Amino acid sequence: MTAVVEAVQKQPLMSVEEALQRLIALAEAAPIEAREIVPLAEAQGRVLATDLVATLDLPPWPNSAMDGYALRLDDWRGEPLPVSQRIFAGHAPQPLQPGTCARIFTGAPLPAGADCVEMQENAEVLDDGRVRFLEPMKLEQNVRPQGQETRQGEQVMAAGTRLGPIQLGLAATLGFATLEVVRKIRVAVLSTGDELVEPGLPLGPGQIYNSNRRLLVSWLQRLGCEVRDVGILADDLARTRECLAGLGDVDLILSTGGVSVGEADYLGAVLREAGELALWKLAIKPGKPLTFGHFRGVPVIGLPGNPASTLVTFGLLTRPYLLRRQGVTEVTPLRFDMPAGFEWTKAGTRREYLRARIEQGQVRIYKNQSSGVLRSAAWAEGLVEVREGTLPKPGDSVPFIPFSELLD
């Protein structure tokens, strides 16, 4: 074990980019192949397994974009026109009689022979029922042409798209009642350490409440994963072996704390017995230690135990790994530059992710950035990225990653 410890200690720090690249490559090597068909009502957050191709033109026919009057422009010479029919949305119109206009409502099909719509605000109804148009008009005015949004046979969403309310609305617009999606990725979550106690139970000497379990289980569920909550894994070699052997059919084992080269590292010992284990030292703060390996062929990711470290490493590294295994093509969270509302005086050799929020057009950081402080993240709206060797000053541009990008 001493040789292993020395090897890990001498290991150079791995950049965030390299760690992410390695995890993405590992994810692409083990994609979730299984598919299932689900109703639209159950597809929220799922990943589309096949390209979604339009089965009809949208809209299926030309329709009015306004409440007003449909007419053939060549029939109008400036004189008032009689109204020959009224057309409501959901009703089939008759062909437009020459020399007339049709009262039409938003979304209603355009009658054959009409080629423009004038909004009712620019029309005057005379006492004899004819309509006088008050403004010049042009062809296709206020008309939504057939196929304006999609054409039959056109790809409207690519496989790998995560389905949210807008995507589901588009699928419904095209008439899809069900969608083929990737099976949910099954993740076993376990926490290690005799020092951990579940909330609601009394604390003993040297014990703390297990916050990482709730953080990760909730986060995984928001990402559309099927979670197997294993709970706390005691510091016992035989029980650790028994627990891992009884996990069943899972796609990933996700642990917090305990995977290292220490004497009490029973989880690491079992992983070395039945698989492989790589200990990564990341150039990231918080969250320097990260573990990747396999247990009987099942991938294992070991996150650091401190709550803020767990949050950062899961959000920036584990989340993209999970999404890519489900076939999601875009896994990089949105980030944008904001003026710094703080001064950073400690240039480090590791990339730092500070819990921060936007106030009065500037990014302000929480006063305590310790890796053990989860309150900082509850106060924050996202993470500020401070690159290695830099010292941002008030007003300098800094990258900001909203939590909304990482949580969903």
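This is a predicted model: local features need pLDDT of at least 70, side-chain atom pairs count only at pLDDT 80 or more; totals for chains, interfaces and linings use all residues.
1. Residues are numbered from 1 along each chain as its sequence is written, and side-chain values use heavy atoms, with hydrogens and water left out.

2. Gln 85 sits in strand 5, residues 83-87 (strands, E, at least two residues, and helices, H or I, at least four, are DSSP runs numbered from the N terminus). Gln 85 has a relative accessible area of 15% and is therefore buried (under 20%; exposed is over 50%, partly exposed in between, with a 1.4 Å probe and protein chains only).

3. The side chain of Gln 85 reaches the backbone oxygen of Gln 94 at 2.8 Å, a polar contact (N or O atoms within 3.5 Å, one able to donate a hydrogen and the other to accept it; residues adjacent in sequence count only if both atoms are side-chain atoms). Beyond four places in sequence, the contacts of Gln 85 (heavy atoms within 4.5 Å) include Pro 93, Cys 101 and Pro 111.

4. Gln 369, in the loop between strand 24 (362-365) and helix 8 (375-379), is also buried, at 18%. Its side chain reaches the backbone nitrogen of Arg 355 at 3.0 Å, and a polar atom of that side chain lies 3.1 Å from the backbone oxygen of Tyr 366.

5. Leu 190 has Gly 231 as its bridge partner in strand 16 and stands opposite Ser 255 in strand 17.

Methods. Two strands pair if DSSP finds at least two bridges between them.
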